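Here is a short briefing on one protein model. It goes from a single residue to the whole chain, then to cores, sheet and loops.

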Amino acid sequence: MKRLSKVMAALTAIAVSAGATGSIAYANSRSEKAPAEAPKSEKKAAETERKDNGEQAYKDETVYVLCNSDSSVKNVVVSDWLKNSPALSSLYDISDLSDIVNVKGDEIFDEDGNSLRWSADGDDIYYKGYSDKELPVDVTMEYFLDGKKVTPDSIKGKSGHLVIRWTYKNRQKVTKLVNGKDMDIYVPFMAASAAVLSTDDYLNVEVTNGKILSDGEKLIAVGMAFPGLRDSIDLSGLEGIDADIPDSFEISADVKNFEMNTSVTVVSNEIFSKLDVDGAVDLDSLKAKVKELSDGAEKLENGTASLYDGIKQLSGGTGDLTAGIDKLLSGSLELRNGAAELDSGAKKLADGAKTLSDSTGKFEEGLGSAKEGSAKLADGLGQVSDGASQLTEGIGSAKDGSAALVEGIGKVSAGAEALSSGINDAKAGSDALNAGFAQVNEGAEALKTGADTLTGGVGALADGSKQVKDGSAQLSAGAAALSDGASKLSESAGQVSAGIGTVKSGADALAEGITSAKTGADSLSAGVSALTDGASQLGDGIALAGASLDTTIAANEQALAALQAVYQQSPSQELAVAIGTLQQTIEGQKQISASMSEGGQLSTGAASLKTGASQLAGGIGQLGSGLEAAQGGSASLQQGLAKLDEGGKALAAGAGQLYGSTEQLSKGAADLSTGAAALDGGIGELSGGSSKLTGGLDTLVKGIGQLSGGSASLNDGLGKLSAGAVDLTGGIYQLSDGAKALDSGLAQLSQGSLTLGGGLGQLKTGAAALDSGLGELYSGSTQLSGGAKTLYDSIVLLSGGATKLYGGTDALYSGIGQLKTGGTALADGVSRLESGAKELNDGMIKFNDEGISVITGAVDEKLPAVIDNLKAIRDAAREYNTFSGISDDMDGSVKFIYLVDGTK
């Protein structure tokens, strides 16, 4: 492929050089003086004899076609140069020319029909002649003024819109075997025409299949065509390749005072005969290279598609990323607010727990005091119960004695002894009753002391219960706030976990997009490498074209020497013009060759293109390195987000557990508050019962005091009775009344003692139950106090953790805010990157579909046939190497110069 590119570059360079410079000098020469007659070269006697250089004899032929202004041919002059490279003494030639004349030397020739034998003596031979046979290419110039076909002489001096058209018709056709079939092939010719136009008379000049050159005073219109080549090469089967091979040349202009200089057309097949098709194209290698080019283009297309898809996914991922970051920011804000509420609730809860802990301590102390009082109360009631039993027994005895007294009084007649005995018994019972009343008084005092202690304990218990109630209420409120904060914390933690998951998904999409971009950059690097190779091939092609142009210059210089020799033998205006034209052609070709040589414009431009391609390759390398760094950063981001995702899930799970625990704590605190309120109510009732008990005990003590006083009085009376027994008889009636009253009082006292015994029994049982209940309550209060202390210590830790959590969530919220800013910038950058990647992908698809795919199809399917066509065309060009004839042992070349008269 590289060598074929060089061949095509050489063809183009030679064609342009011939068209741009090889045809313009003649027209310029019409406005200048004809060149001076070339000096006749003379042989020197002392000249060294020429030696064989190992090359074959060569015939270089130039055909000058002199035409009228209407393009009709008026004369054909042929100039031949026989190059005697082997230094032969005789040169054999074939020529059908008439009036053959040696134009540079005195060598003679023998003629036998068309066969010539020149006595060369080792020298070159220069001769000319004339021909009237058909030319291989017809050159026709047509003129149109304002759309009407005219002759140049008829419009001389007129103005209007002028069109001049050069048409070239190839008449030289041969039959060649192409791809196994006979095919008519036109001998390939390149036709280059030029005309010099005045800038004063020609305005708005445009050309078709050519170019306009200017030196400030004159416009030089140059055109180029390849008559018959389109039919011979047959590129119609190469889909997508628009090979417009021209066979005409046209000038259009606004003209005033029309006049036309002589125009020049050069027709040559030399560039085609030098085609190195055999050596330039190795089809297997070319197909392999094109396959590599196709694969590279496909990879490049796939890479750009992957790059675009990846960036598109990246763009979509950035949307999810920014959305996730928004959710994460919102969740972190709620988390921060929830943490703040949790911190506040934890502080309140700590205060309530502190109050509860302090209150349970006081409550425990009050229950201890109440427990001690209830124990003393139980002991006192035991003593009172014992005294009451003795009192009952004494009253029973007194009752029996009073009955006996009544009976004795009734039986006064029974005797004083029985009365004395009864009185003594009554006295003994009275003494026992006094003793019992003493014990009762002691028990009553102990009961009163225990009741006072009970009253103090119940008061302390009531105060502690109130503090417990207040503390449990605060605890319940704090637990509720804690539960609410934990609920919000759990919800926010869920949002944080979900946001982290969304960010992680976006990071995964980002990693995939970067990987796709890296793949596309690698494929793009391969395409840039191909571009660098192409730029290098372009430079090589320009160098080869310059070398080919140098060969053409050398051939033109040889032709110039031949023309000068002809002019010396047969001077004419036409030959003078031709010599001037060829001299200027050679100068123009040298200028183009200079631009193709090192340091020239074309060579420098190709070098710049190669340098730019290298810089592009470097930029692609930097892009690849940057994407590799991005891949590393993306991997680190994914790892960090994976850990953050795990932490977020753990946070959500812990927050859920915290929420469940705080719900239980809140419920327990509410139950504790309800129980504390009920306990406070019960203690209130206990306090009321204690007050009533104290009041009853006071009444009981007063009654016992009165009873004790009555018993003392009774004892005193019995003493007096015993002392006044002697007065018994006198006071029998009084005694009988007193005995009756005593019996009635004792009956009442006996009933009261029974009632007292029952009440004391109930009071004793209640005191025992009270003591047992207070014992259990005291044990529970101890546990309550320890639990409240533990709860307070735990809540202090919870409050410290909530404070740290609030600080962490605040930092998290700030960091996510910064992440949101970066995410927005990332989304904007990715959006612009997506737009550029889409344009790159669309351009690459078009390049592959409309360029590389077409070239691949052409190489795989049509190029072999095209190569065979080129070979046939090349062979036809090589075989057509003379116009007038050539011998079998001589090689040669021929070119035609058409000089068409103008109107001057």
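Is Asn 209 buried, partly exposed or exposed? Asn 209 counts as partly exposed, because its relative accessibility is 32%. Buried means under 20% relative accessible area, exposed over 50%, and partly exposed in between, with a 1.4 Å probe and protein chains only.

This is a predicted model: local features need pLDDT of at least 70, side-chain atom pairs count only at pLDDT 80 or more, and totals for chains, interfaces and linings use all residues. Residues are numbered from 1 along each chain as its sequence is written, and side-chain values use heavy atoms, with hydrogens and water left out.

**Whole protein**
- The secondary structure comes to ten helices and 19 strands. Both are DSSP runs numbered from the N terminus: helices are H or I with at least four residues, strands are E with at least two.
- The protein has 904 residues, and 43% of them count as buried.
- Take the contacts between residues at least 6 apart in sequence: 85% of them join residues at least 24 apart. Contact means heavy atoms within 4.5 Å.
- The accessible surface is about 42400 Å², and carbon and sulfur atoms hold 52% of it. Areas come from the Shrake-Rupley method with a 1.4 Å probe; for residues, only the protein chains shown count as cover.

**Nonpolar cores**
- The largest nonpolar core has 69 residues, and Trp 166, Met 260 and Phe 896 touch the most other members. Helix α10 (residues 732–879) gives this core its largest share, seven residues.
- A second, separate core holds 22 residues, including Tyr 64, Val 264, Tyr 567 and Ile 897.
- A nonpolar core is a set of buried Ala, Val, Leu, Ile, Met, Phe, Trp, Tyr and Cys residues joined through side-chain atoms within 4.5 Å.

**The nine-stranded sheet**
- The sheet is open and its pairing is mixed, with the strand order β4-β7-β2-β1-β19-β18-β13-β16-β15. Two strands pair if DSSP finds at least two bridges between them.
- β4 (98–102) and β15 (210–214) are the edge strands, and each pairs on one side only.
- From one strand to the next, the twist averages 20 degrees. Axes are lines fitted to C-alpha atoms, for helices over the stretch in contact, and angles run from 0 to 180 degrees between N-to-C directions.
- Strands β18 (residues 263–268) and β19 (residues 891–900) run antiparallel and share six bridges. Thr 265 has Tyr 898 of β19 as its bridge partner.
- β15 and β16 (residues 218–225) also run antiparallel, joined by five bridges. Gly 210 has Gly 223 of β16 as its bridge partner.
- Three residues lie between the strands of the β15 and β16 hairpin, where Gly 216 takes a positive phi near 100 degrees.

**Loop residues**
- Ser 69 sits in the loop between β1 (58–67) and β2 (73–83). Ser 69 counts as buried because its relative accessibility is 12%.
- Leaving out residues up to four places away in sequence, Ser 69 touches Tyr 143, Pro 152, Asp 153, Val 900, Asp 901 and Gly 902.
- Ser 71 is in the loop between β1 and β2. Ser 71 is buried, at a relative accessible area of 10%. Its phi is positive, near 80 degrees, in a residue other than glycine.
- Asn 209 lies in the loop between β14 (202–208) and β15. Asn 209 has a positive phi near 65 degrees, and is a residue other than glycine.

- Ala 481 is in helix α7 (residues 416–569). Ala 481 is partly exposed, with a relative accessible area of 26%.
- Ala 481 and Leu 342 are 139 residues apart along the chain, yet their C-alpha atoms are separated by 7.3 Å.
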